[in-house]
Amino acid sequence: MELVHVKSLPNASFSADCNGVYIATAINQTSVGVWSTQSLESKPLVLVGHKQPLTSVAFGKCHNPTALCTSAEDYVIVWNVEKARHLHETGQQIHGQVLVRRPGHVIHTCLSSDDTLVALCIDREVQIFDTQTQELHTTLAGHTAAVTCTEFCDHVSDTIITASEDRTFMIWDLQSSVLVYQSSIISAYPFVSLSVDPFGENLALGSTDGQVRVYDIRPGGGYKLLHQLAVDKLTHKHAARRKQASSAITGSSTSNQNGSCDDISANTSEAGEVVLALCFHHPNSRWRPRRKEISADNHLQPEEHVVDHLIEDSSMLLVGTPGSVVVIHTKSFEGSVISFQDPMPSRLGEEVMIPVASGCVFGSSPGDTRLWCITISAFQHSMEVMRLDIPDSLTLLSSEFNTHLQMNIETSSSEREISVIANVPLSDNSVLRSAMTPKATERKSGASTKSNAKSGKHIQDRPLTFQKKIKSSGYTDAPRMGMFSPKTKQGSLSSGKNKLQSSGGNRKLLKEFPMSSEPPNIKKQCLHLTGNSSAITDMHFSDDGQFLGCALGDKSAQVFKMPLTAGTSTCLTGHNSVLNTVHWSHDGAWLLTSSDDRTAKLWSRGGSDPVLTMGHLRNSKESTKPGPSGVRIKKDNPPFPHEVKHAQFYYIDKFIILASGSSFYLYKFNIDTSTDDIKRYETRSQYRLVKQYSMESANQLTCMSAPNGFHSHVVLCCGSDKSIQMFDLNVGTQVAVIAEAHNRCAHAIIQNLGSNYAGLGSSACNMFATSAITDGIKVWDVRTQRCVRKLEGHLNRAHCCGVKFSPCGRYLVSGSEDKAAYVFDLRKGSIFERLTGLTDVVISVDYHPLYHEIVTGSLDGKLHLFSDR
């Protein structure tokens, strides 16, 4: 993607427009010059008809014939450009069609999609005229200040949107001349630019403070704010990176005597950040919006309609400012900045500098991937014509586009594509081949006991029965009333029992998650888990959906059997501080908890005592070895130096992963539930460190995720340096780093892995989402390490609110600080449902693997269940 300077046109006024085929601007104040983009070196076609200075110029949406509307205080004239060119070539006088006489000061002009209506922004009103009858169609009055911009909606007939200096926008129905929607006062600065996306049915508004707001204007969408982008932050970041790059080339230091970075404005002048122009553009302009809704049967292939939908058919939003052009991907809302202060290549091979602009317009023609950018100089009577070549959507997500985006992506030297589902066999020296083999129990015979006694060795303490049960004499049993009868049908009963168990298991496997159903919105239950209002820090359904584990802030965990019933939970106590995470094994038999007490504990599903406590780095015992003087010293097996922030099973319950400090640890383990009659409180379960993985530049690992339901070599980690790092445990190295993934460090990361009852394709499993305070939720693709969707609209300014994918992969649920949970539609990038009726900040959420049920946990210790049944 490159912006190339094509031509400088002199004697240009402040008003101009471009439709991709022609460029028009006011020359000599009262005349209009029209250039063809194919021959900018030729003389322009001059249209003369006004006596007062021109105030607005606008092209129509149709081509051949092309309509051009020029406005001044004396007339509003509509020209046929092709007809005018023919009259000019034949030497005849050119005449336009006078639409309005003495309209007043026209601020902005816009034509409908079929060029039959013209909208004129005159003071606080918008007057709509019919170009065929030259009659006034309707007058729209409702703004309290001057209307600065307006545009017709192509996806909804007879609809127009207006924006004003009163800091509001309105949506009108032209057929009935009725106001459909009026926004509240949104900004402290007036709106000066507007654009409607016909592909995504969104509205973009630009204000004088450099803010771009995108709204959902779909019928029934509620006109919600989807995104808000600060253009000044992008331009300042680009200026800082440009200065850092130039300093690295020249070798000069960018730090002053105090060690701080020099102010960027000390050496370079910065233009204002007013949003002069907005334009939605699709790289493949011949693609049109889909009118059909996706049917229920199509959702049987979620990876085609959800994952590929996030990558393909993506429009771009172009933002023109006085000093730069910003290209924004409308799904991920990541942008690249092309500054006018950077040397720009020209068509002649020379590098030119673009002056500060007072006006900017964009234009493109159907079937052409090129986009024209026209800027009008603020201090010179000239117009700069530039061409921007934008590749298609898939190329935008490739590595060629990475250099333009405001993120730094580093990959390993291996050219193999990263995939969550293992697509290569394990290497010979892979750490995933290691396993924990339990030590065989040594049963010492009487001879060995005697030999030990003779040799003077200490005999192991044993109970008096030597671990053998004493058979009861039978005095307390009831007397036998009948004679012995053999069990002749023992085999048939046994086979019948097995047959019953297998049929029950098959019935569970036959269940499927309702892929075509919508998320729940009905609150069914509310349970208060703690008496002291401790927060529910995490919650996790077992893979079969039969149990729910909750981590609490009162140093305990609770396990519920579904369906939820008050007072029937199992309380697990043993930690000495707040619990951070809770995670079920794949078979649902074990529960793993992590805590700020620098330990992780493993619990059986029906037990109340931990079967394994992981408190040391290397293994489960503080082993000793003989020293040089014969004194036994401890091995290097210290306790965890920091809190255990995350604990989970990995590789289908073969390993356990713990995260502490800036590292995560891979452990092999063996669970032994047998007990000793004397040392009954000692567990025989063991664990041993396989390998430690550390994040290079982060001081703290904030969150991590790894699949456990299938074999995967990839582990995802987020650090305090705002980065996302990907590790391949098969090769044992870091394979990719996404720097500056969020404005702040991510506090939650979750993968789209489906469930046992909802099978997703390989493409869907490569999706994952991260959430950061004040920076919304971003959905990523592991293969390209690129953000493919950004979700905003929930409130998250202070607390770490959890996120979770639905098993079908179409929705994502998130907690919020406004006492609600939000369900986002990944295909549309908007809020699908807002779950209300909660009593405090929602910090943990989970989605049932079999049903459309959502559980939420809040700071006051209350658990809420939402269901569609």
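**Entry 1: Ser332**

I looked up Ser332 and found it in the loop between strand E24 (324-329) and strand E25 (335-339). The model is predicted: local features need pLDDT of at least 70, side-chain atom pairs count only at pLDDT 80 or more, and totals for chains, interfaces and linings use all residues. Residues are numbered from 1 along each chain as its sequence is written, and side-chain values use heavy atoms, with hydrogens and water left out. Strands (E, at least two residues) and helices (H or I, at least four) are DSSP runs, numbered from the N terminus.

Is Ser332 buried or exposed? Ser332 is buried, at a relative accessible area of 2%. Buried means under 20%, exposed over 50%, partly exposed in between (1.4 Å probe, protein chains only).

Next I checked what Ser332 touches. Neighbours within four places in sequence aside, Ser332 is in contact with Cys787, Val788, Arg789 and Lys790. Contact is heavy atoms within 4.5 Å. The Ser332 side chain reaches the backbone oxygen of Cys787 at 3.3 Å.

**Entry 2: helix H1**

I moved to H1, residues 81-89, where Val81, Ala84 and Leu87 are buried. Why do they share a side of H1? They cover an arc of only 125° around the axis, so they sit on the same side of H1. The arc is taken from the directions from the helix axis to the C-beta atoms. Lys83 and Glu89, on the other side of H1, are exposed.

The buried residues of H1 pack against several strands, including E3 (22-27) and E8 (75-80).

Last, I checked the ends. Asn80 caps the N-terminal end of H1, with a side-chain oxygen 3.3 Å from the backbone nitrogen of Glu82. Gly91 follows H1 and has a positive phi, near 80°.

Key
Polar contact = N/O pair within 3.5 Å; in protein donor to acceptor, adjacent residues only side chain to side chain.
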